[in-house]
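Visitor: I am new to this structure. Please show me how to read it.

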Amino acid sequence: MQYSFGIIKPDAMQKKYYGKILDDIASAGYKLIGLKLFHLTEEKAKNFYAKHENKPFFDELIHYMCLSPVLCFVVQKENAINDFRALVGNTDPKLAEKNTLRAKYGQDLSANAIHASDSEASFDREWRFFFTENELYFQ
């Protein structure tokens, strides 16, 4: 088994897509092992997205991620990281394949509904940013 981390972002939270997104994830065969509602402060958002600090979109990303609470989660499945990235779809919802989460629920490149870990190293850093080990139901 492998694990992946995700965040349902402010645009999807404000439009109340979180239930549909979680249902789509479960229907794709993922087991939810952790779920937490979290409101990022500017400092926390900057720490989480530190690898993008020198990119032109950084300030906009930080502002966006602090607009409303986000829903953080960890899922379990065989080949979870690559398969979950495929389920999430292209960063730009307009370029995402039909029936991916971003194609269904994202607006644009900035407000694209969901974040997904892109590697095992990212997963390990990201889940630990929001959860402690005793908050997850590892099997």
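Visitor: Leaving aside neighbours within four places in sequence, which residues is Ile7 in contact with?

Guide: This is a predicted model, in which local features need pLDDT of at least 70 and side-chain atom pairs count only at pLDDT 80 or more, while totals for chains, interfaces and linings use all residues. Residues are numbered from 1 along each chain as its sequence is written, and side-chain values use heavy atoms, without hydrogens and water. Contact means heavy atoms within 4.5 Å. The partners of Ile7 include Phe48, Met65, Phe73, Ile114 and Phe130.

Visitor: Which residues of helix H4 are buried?

Guide: An α-helix has 3.6 residues a turn, so residues three or four places apart point the same way. Helices are DSSP runs (H or I, at least four residues), as are strands (E, at least two), numbered from the N terminus. Buried means under 20% relative accessible area, exposed over 50%, partly exposed in between (1.4 Å probe, protein chains only). In H4, residues 58–65, the buried ones are Phe58, Leu61, Ile62, Tyr64 and Met65. Seen down the axis, they fall within an arc of 165 degrees (taken from the directions from the helix axis to the C-beta atoms), so they line one face of H4. Asp59 and His63 are exposed on the face turned away from that buried side.

Visitor: What covers the buried residues of H4?

Guide: The cover includes strand S1 (2–8), helix H1 (10–14), helix H3 (42–48) and strand S3 (70–77).
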